[in-house]
Structures are given as structure tokens and as C-alpha cells.
Amino acid sequence: MSENFRKDYLDLNAFRGLGEDPAYTLPQLVDRPRAWPLSRWAEAPRDLGFNDFLNCQWKGLRLLKDPETQSAYHNLLWELRPRTIIELGIYSGASLVWFRDLTRLMGIDCKVIGFDKNLTRNRIPASEMDNITLIEGDCNDLSTLEPLLAHADQPVLLIDDAHWNTFNVMSWATTRLLKPGDYFIIEDMIQFWDRYSPKLLAEYLASFDGVLEMDMLYANTCPQLQRGVFRRSGVEQQGA
Ligand SMILES: C[S@@+](CC[C@H](N)C(=O)[O-])C[C@H]1O[C@@H](n2cnc3c(N)ncnc32)[C@H](O)[C@@H]1O
């Protein structure tokens, strides 16, 4: 056994989609000066020099939505004008503050609800909690989702960014919470599931036929939302 071996290695799956630290810090450039001399302008590197996803942030809180995803949500919020945004999985809480601020800027009267089984990573300062409610619960226990019902004014935008028990959560949501025209979004996972379990994924999605439909205006806008933007069926929409 090498003396460099550790006694206990953490399971890196635990960080999938998370990163190791909910706090945002300014990117550090290790291989180049930040102030590049213009006399050497032509030689300057053409890449960023840091992992831009780990450095997405809102008001100093790490936001796990990249710029393309932010742009897609921007358009969806403007069109849907949700009265309630529920996000399953909050991490630092940045996305809740971002959704609250963005809808406010757009003049949309919208409350934002965050649901997570581990609220200890939440970094939203008390001064930024206006119109944001946090609920502790576990997607693996559907009964813990029930308190969300008390908050759901239509139209609802429900985002699964927790990635556990997703299809049972989707079934619960379509039965208990979502009304025609509301949205259910699966972030990040569709491309992985499509790679590793394409048959089951297609089968599971097909079981929601007639209840949910994929919104092709947003479903291919960015990798994080790719083919994971679903709308509760039942009302005609513009351009349908
Ligand atoms: C990808 S992060 C959320 C990122 C955040 N929505 C954003 O855009 O910045 C996933 C979150 O899901 C939470 N989570 C994991 N398993 C869960 C479960 N079974 N029920 C509820 N939340 C869970 C984790 O604690 C973590 O905060």
C-alpha cells in the first residue's frame, strides 16, 4: 500500500452536477497573467483558462446554470410569466435568488420555492430571502413533496434539479400539482439517461403521453435542458 493512499476516499458521484464548494470565488488564472500586455496581444491564449461552469454565479452565490441555460430560462419566464417557480434541488440557493430577481425585473408577480433534502449548503443571506421559501424534503419520499401544494399558484414552473426518483416525482406532480400549461423541466440528466438507458427513458417518457408534451421551442436550446422541457397538456399555446 502506498503511503500516499488516503484512509477514506469520498465518492465523487456525490459531487456530480455540484462541484465541491457552494461558495463562489473569483477564478484564478494559473497559466497566464490577468493583465496581458498589448505588445503581445497576438500571442494571448484563446481559451478561458478556467472551468467556466464552476464559475457561474449570481450575486456571489454559485449558480449551476450555464449562460446558455440562463438565456433559455429568460425566454421561458417571459413567455410563461409563472406565478410560482419550484426548484427541486437548491445547492447554494443561487438559482432561487436569480429566478426571484429575474421575474421581478420582468414585472412578474412570482414566488420562488426551493426544495432540498440538505439545506445546509444554502448560502442565501437573510437579506435576500424576500419571496423565497425553503422546504426540506426528499424526492425519494413523495409525501415530503405535499407541502409544495400549498404554494402552487398557476402558472407553475417546476424544475427537477435534484435528479432522484425523477419519474415518480413527475407522476406525482402531474397528478397532484401541475395544471394545463404548467411546466416540468428535467435539468442535466436526459442526455446521460439517453446514453445509458435509452429504452427505459423512452418508455418512461411515453407513459406521460397525453399528459405532458415536450416544448420544442425550449427543448433544444442548451445541453442542460436538452429534450427535458415538458408542458402539461390541455391548452393551446402560441405557435403550436
Ligand atoms: C444540481 S444541485 C442544484 C443546483 C441548483 N438548482 C442550481 O441551479 O444552482 C442538486 C441539489 O439536489 C439536492 N438533492 C439531492 N438528492 C435529493 C433528494 N433526494 N431530494 C431532494 N433534494 C436532493 C442536493 O442536496 C443538491 O443541493
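Reader: What percentage of the 240 residues of the chain count as buried?

Author: The figure is 41%. Buried means under 20% relative accessible area, exposed over 50%, and partly exposed in between, with a 1.4 Å probe and protein chains only. This is a predicted model: local features need pLDDT of at least 70, side-chain atom pairs count only at pLDDT 80 or more, and totals for chains, interfaces and linings use all residues. Residues are numbered from 1 along each chain as its sequence is written, and side-chain values use heavy atoms, with hydrogens and water left out.

Reader: How many helices and strands in the chain?

Author: Five helices and nine strands. Both are DSSP runs numbered from the N terminus: helices are H or I with at least four residues, strands are E with at least two. The order along the sequence is β-β-α-β-α-β-β-β-α-β-α-α-β-β.

Reader: What box do the C-alpha atoms fill?

Author: Roughly 60 × 50 × 40 Å, taken along the principal axes.

Reader: And what share of the contacts comes from residues 24 or more positions apart?

Author: Among contacts with a separation of 6 or more, they account for 70%. Contact means heavy atoms within 4.5 Å.

Reader: Switching to charge. How many positive and negative side chains?

Author: There are 25 positive and 34 negative, and the centres of the two sets lie 3 Å apart. Lys and Arg count as positive, Asp and Glu as negative; His and the chain ends are not counted. Each charge is placed at NZ of Lys, CZ of Arg, CG of Asp or CD of Glu.

Reader: How many salt bridges in the whole structure?

Author: The search finds 16. The criterion is a side-chain nitrogen of Lys or Arg within 4 Å of a carboxyl oxygen of Asp or Glu.

Reader: Which residue pairs with lysine 59?

Author: Glutamate 128, with the closest N and O atoms 3.1 Å apart.

Reader: Glutamate 87 and lysine 65: buried or exposed?

Author: Both are buried. They form a salt bridge, with the closest N and O atoms 2.6 Å apart. Glutamate 87 lies in strand E3 (residues 84–88) and lysine 65 in the loop between E2 and helix H1 (67–80), so the pair ties together parts 22 residues apart in sequence.

Reader: Which residues make the nonpolar surface patch?

Author: Met1, Phe5 and Tyr9, over about 450 Å². Patches take residues with over 30% relative accessible area and no salt bridge; like charges are joined within 9 Å, nonpolar side chains (Val, Leu, Ile, Met, Phe, Trp, Tyr) within 5 Å. Areas come from the Shrake-Rupley method with a 1.4 Å probe; for residues, only the protein chains shown count as cover. Phenylalanine 5 is partly exposed at 47%, in the segment before strand E1 (57–58).
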